[in-house]
Protein chains: 2
Amino acid sequence: MSAQPAATSPAPATPQALIDSLKDLLGERLSTSAAVREQHGKDLTFHQGFPPDAVAFARSTEEVQAIVQLCASHKTPIVPFGTGTSLEGHIAALKGGVCIDLSQMNAVLEVNSNDLDCRVQAGVTRKQLNEYLRDTGLFFPIDPGADASLGGMTATRASGTNAVRYGTMRENVLGLTVVTADGRVIKTGGRARKSAAGYDLTRLFVGSEGTLGVITEIQLKLYGIPEAISAAVCSFDTLEGAVNTVILTIQSGIPVARIELLDEVQMGAVNRYAKLDYPDKPTLFFEFHGSKAGVEEQSESVAAIASEYGGSNFAWTTQQEERSRLWQARHDAFWACKGLKPGAEGWATDVCVPISRLAECILETKKDIAASNLLAPIVGHVGDGNFHLTYLIDPKDPDELKRAGAHNDRMVMRAIAMGGTCTGEHGIGYGKIPFLQAEHGEAVSLMRTIKQALDPDNIMNPGKVLPA
Amino acid sequence: MSAQPAATSPAPATPQALIDSLKDLLGERLSTSAAVREQHGKDLTFHQGFPPDAVAFARSTEEVQAIVQLCASHKTPIVPFGTGTSLEGHIAALKGGVCIDLSQMNAVLEVNSNDLDCRVQAGVTRKQLNEYLRDTGLFFPIDPGADASLGGMTATRASGTNAVRYGTMRENVLGLTVVTADGRVIKTGGRARKSAAGYDLTRLFVGSEGTLGVITEIQLKLYGIPEAISAAVCSFDTLEGAVNTVILTIQSGIPVARIELLDEVQMGAVNRYAKLDYPDKPTLFFEFHGSKAGVEEQSESVAAIASEYGGSNFAWTTQQEERSRLWQARHDAFWACKGLKPGAEGWATDVCVPISRLAECILETKKDIAASNLLAPIVGHVGDGNFHLTYLIDPKDPDELKRAGAHNDRMVMRAIAMGGTCTGEHGIGYGKIPFLQAEHGEAVSLMRTIKQALDPDNIMNPGKVLPA
């Protein structure tokens with residue numbers, strides 16, 4: 001059920017009067033060219049794209065406000081756009097309307113070193129921010145792989161490899177500037193590290209996927225760059241051995257910064273793609289942050305745990321170059337996958353389960369991959385119980401796509417039955433709407449009540465998170 | 001403005017028909033006795049109490065649901081009650097109605113050691129949970145001082161001394177069971193460590209102070225008890241020296257578990273009360289969690305930072321007995337305060353600011369205390385920028401109460417002007433409603449929209465968080 005778009009009704013045309021008003025406001029920064037529209041309606045995955053009727057390139061919160069007010073007066077749909085790297089069809093303009101591209105809102109507005117926080121416009125990307133911070137000794141840790149915009153990462157509640165130590169966007173956003181569906185500008189949260197003052201609107205907008213408002217500025221937590229960083233790789237004969245290593249590491253309170261699992265298929269792909277010579281076996285990648293003595297202690301503690309569970313060749317290094325090479329390989333997993341089946345399209349999906357069920361969930365999923373005659377390497381942010389797989393699908397084989405969809409359905413329902421979630425970090429978009437009810441039951445009606453209260457005309461990214 | 005109740009209109013009587021129905025449902029567990037009602041309408045502070053018309057002692061989510069459905073059918077207000085240890089008049093039945101006492105819902109429902117989580121009924125207190133966990137090697141770290149119920153801690157977004165390392169209730173609640181204002185039972189969140197599936201209803205209810213629904217069950221994160229714990233105390237000649245030590249400690253990424261500041265007035269009170277002989281000077285209390293080598297390294301790093309800023313007599317210990325004595329002294333701060341002025345009532349208030357403004361905020365606040373001729377010791381969870389003061393007020397001196405109220409107003413507005421919040425952890429209740437708008441501006445209208453959508457008849461703890 002996940003492979004079908006949630007809405008395929010013909011998009012109502014955006015009224016010419018609105019286009020004209022937007023042209024007056026933005027000049028050349030309002031585009032209706034086919035190429036620009038196509039590019040703004042299609043994300044990184046196989047999900048069908050739906051181009052918006054126009055793309056508005058905003059440069060300030062005030063411009064976003066003006067655009068939203070114009071669209072609201074015509075009840076025309078609005079789709080916010082950062083870098084287009086989302087994975088569940090978040091940016092597809094299912095009902096047409098106006099895409100607001102925030103990539104030109106790319107200013108770092110302030111960095112408060114003493115307070116370990118900063119304020120950025122929504123279009124700043126995570127790499128741009130870390131580049132900007134380079135001389136401050138600070139960094140922003142959340143790393144979903146793609147060089148996504150921080151607005152998009154906020155809107156999708158992104159996380160990634162570092163989440164096991166630093167949390168997700170949920171934990172790292174202090175406050176927001178948001179343009180509401182009726183065109184007001186509100187500020188949520190603040191610069192205090194904690195607050196018990198009123199409803200947590202910040203967390204309501206984090207993960208709302210543009211369906212409740214347009215995020216234009218974000219106040220973020222920052223962290224001191226650790227004195228020392230070490231990385232390690234360890235191979236296991238069995239997936240259970242790897243997962244048990246993870247469980248005991250987390251239980252022992254070892255503050256591991258990253259702990260990633262690659263199954264033997266994914267490891268084989270990475271070995272080939274990145275020209276590495278690790279065994280083609282279930283493999284854990286680790287990163288440790290701390291003092292010099294601290295990372296040494298962490299590395300040795302984890303090495304001891306791994307060897308207890310059949311881990312071999314545990315090798316750790318603090319060398320920057322070697323660490324980078326290793327993590328680059330991990331980051332290239334998606335492209336490495338595609339190398340396994342030239343010409344194939346990759347369909348990435350993710351689930352997250354309580355860690356005690358992780359081995360069982362992955363093993364059943366792998367069995368089902370084989371039974372479904374699919375190729376789908378697995379990689380996981382296993383410290384959180386989150387894993388991904390990428391179906392490699394021949395675009396000319398509709399049956400393969402169908403089998404992948406059915407497999408995805410079963411995997412998601414399995415994860416939910418194990419107390420998990422239909423998506424740990426990719427979000428709902430339109431690809432996973434059918435699973436929201438299965439996961440949250442009656443609570444979905446409360447989500448709908450909130451959506452209706454904040455966006456009564458359903459103009460904010462309609463057809464995402466909740467059915468249109 | 002903060003010292004006045006937000007609503008003093010005479011409470012409409014709860015209809016006898018409702019009382020009768022509740023009696024049928026609960027028998028002896030529905031009380032209308034004056035003593036029980038008084039006790040349920042007054043929290044720990046000087047805020048005026050407002051007794052409910054009846055108190056319903058619930059034993060299950062289903063009973064809470066039945067009570068809410070009955071109250072909803074009469075549009076009668078509902079006030080959820082845990083242990084009554086809140087500090088801003090949260091439990092005052094401003095509009096009369098029915099108090100739902102959840103203290104008999106005190107079962108720990110499950111502990112998942114491998115997943116580091118548990119599920120409790122709302123009436124379980126934090127000490128009860130930790131007692132229950134004693135043999136598991138796990139603990140729940142959030143510690144607001146009082147032995148509050150976990151339902152109440154969730155509803156008020158509580159934090160306390162450990163928050164600098166472990167976060168607040170915001171970060172430690174995985175999911176909830178909630179009875180909505182219209183009497184439905186919903187489950188929010190889940191057992192997965194992270195999820196990008198839908199709106200974050202969990203965070204919406206955390207800190208909603210009973211105004212959006214009644215929390216009946218909570219899924220909580222747990223942590224492994226650290227291998228080693230050390231505690232330290234250090235005196236400073238100046239408050240700036242102490243605060244600068246905190247800033248550099250946090251910036252250096254030292255994962256301190258607790259870092260508490262007591263000003264010289266509070267330290268004097270604690271010395272007298274707990275028969276300690278530390279200097280009556282600004283003092284930092286620390287706690288470090290980690291491996292044996294780790295806590296040693298942390299202690300030494302912080303000692304070096306403290307000495308750079310004029311700290312003296314930095315003493316650290318891993319001895320359980322000494323640590324307990326030290327932290328008991330910190331926990332007794334409120335009572336120690338009261339010992340400074342026998343017969344006085346204590347009015348506790350708190351604010352939270354970006355840490356770079358903390359010294360300035362505390363110093364201006366202290367100057368203002370002196371100028372206002374008040375006695376008000378200060379203690380702070382300074383790693384978060386959060387500090388508290390307790391006005392010691394002669395109940396027979398209305399002018400003193402007035403001066404305290406005016407001082408509190410200025411302190412809160414000062415904190416907000418510095419980018420901070422009107423309350424770091426005590427919550428809004430009715431005592432801090434006047435400041436919500438000053439802090440959040442237009443965003444308050446969104447909070448109101450959400451409140452109206454989820455509780456259109458305003459029966460859920462009316463007059464709290466938002467004006468009645």
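A crossing of two helices is called left-handed if the near helix is turned anticlockwise from the far one by less than a right angle, and right-handed if clockwise. Helices (H or I, at least four residues) and strands (E, at least two) are DSSP runs, numbered from the N terminus.

The model is predicted: local features need pLDDT of at least 70 and side-chain atom pairs count only at pLDDT 80 or more, whereas totals for chains, interfaces and linings use all residues. Residues are numbered from 1 along each chain as its sequence is written, chains are lettered from A and ligands numbered from 1 in the order in which they are written, and side-chain values use heavy atoms, with hydrogens and water left out.

**Relation of the copies**

**Helix pairs in chain A**

Axes are lines fitted to C-alpha atoms, for helices over the stretch in contact, and angles run from 0 to 180 degrees between N-to-C directions. Contact means heavy atoms within 4.5 Å.

| Helix pair | Axes | Angle |
|---|---|---|
| α1(A) (residues 16–26) and α3(A) (residues 61–74) | within 10 Å | roughly 165° |
| α15(A) (residues 398–417) and α16(A) (residues 433–440) | 10 Å apart | about 20° |

Angles under 35 degrees count as roughly parallel, over 145 as roughly antiparallel, 65 to 115 as roughly perpendicular and the rest as oblique. The axes of α1(A) and α3(A) cross at roughly 165°. That makes α1(A) roughly antiparallel to α3(A), and their crossing is right-handed. On α1(A) the contact includes A:L18 and A:L22, and on α3(A) it includes A:I67 and A:L70. By class, this contact has nine nonpolar, two polar and one charged residues; Ala, Val, Leu, Ile, Met, Phe, Trp, Tyr, Cys and Pro count as nonpolar, Asp, Glu, Lys and Arg as charged, and the others, Gly among them, as polar.

Helices α15(A) and α16(A) pack at about 20°, which makes them roughly parallel. The crossing of α15(A) and α16(A) is right-handed. Residues A:N408, A:D409, A:V412, A:M413 and A:I416 of α15(A) meet A:F435, A:A438 and A:E439 of α16(A). These residues divide into five nonpolar, one polar and two charged.

**Sheets**

Two strands pair if DSSP finds at least two bridges between them. In chain A, seven strands form an open antiparallel sheet in the order β15-β12-β14-β13-β17-β18-β16. Strands β15 (311–317) and β16 (345–352) of chain A stand at the edges with a single partner strand each, so one side of each is left without a neighbour in the sheet. Neighbouring strands of this sheet are turned by 20° against each other on average, direction ignored. Eight bridges join β16(A) to β18(A) (residues 386–393) in the antiparallel sense, and A:V351 stands opposite A:F387 in β18(A). Helix α14(A) (residues 358–371) packs on the sheet, touching β13, β17 (378–381) and β18 of chain A, with its direction at about 10° to that of β18(A).

In chain B, an open sheet of five strands has the order β5-β6-β10-β8-β9 with antiparallel pairing. Its edge strands are β5 (108–112) and β9 (185–189) of chain B, each pairing on one side only.
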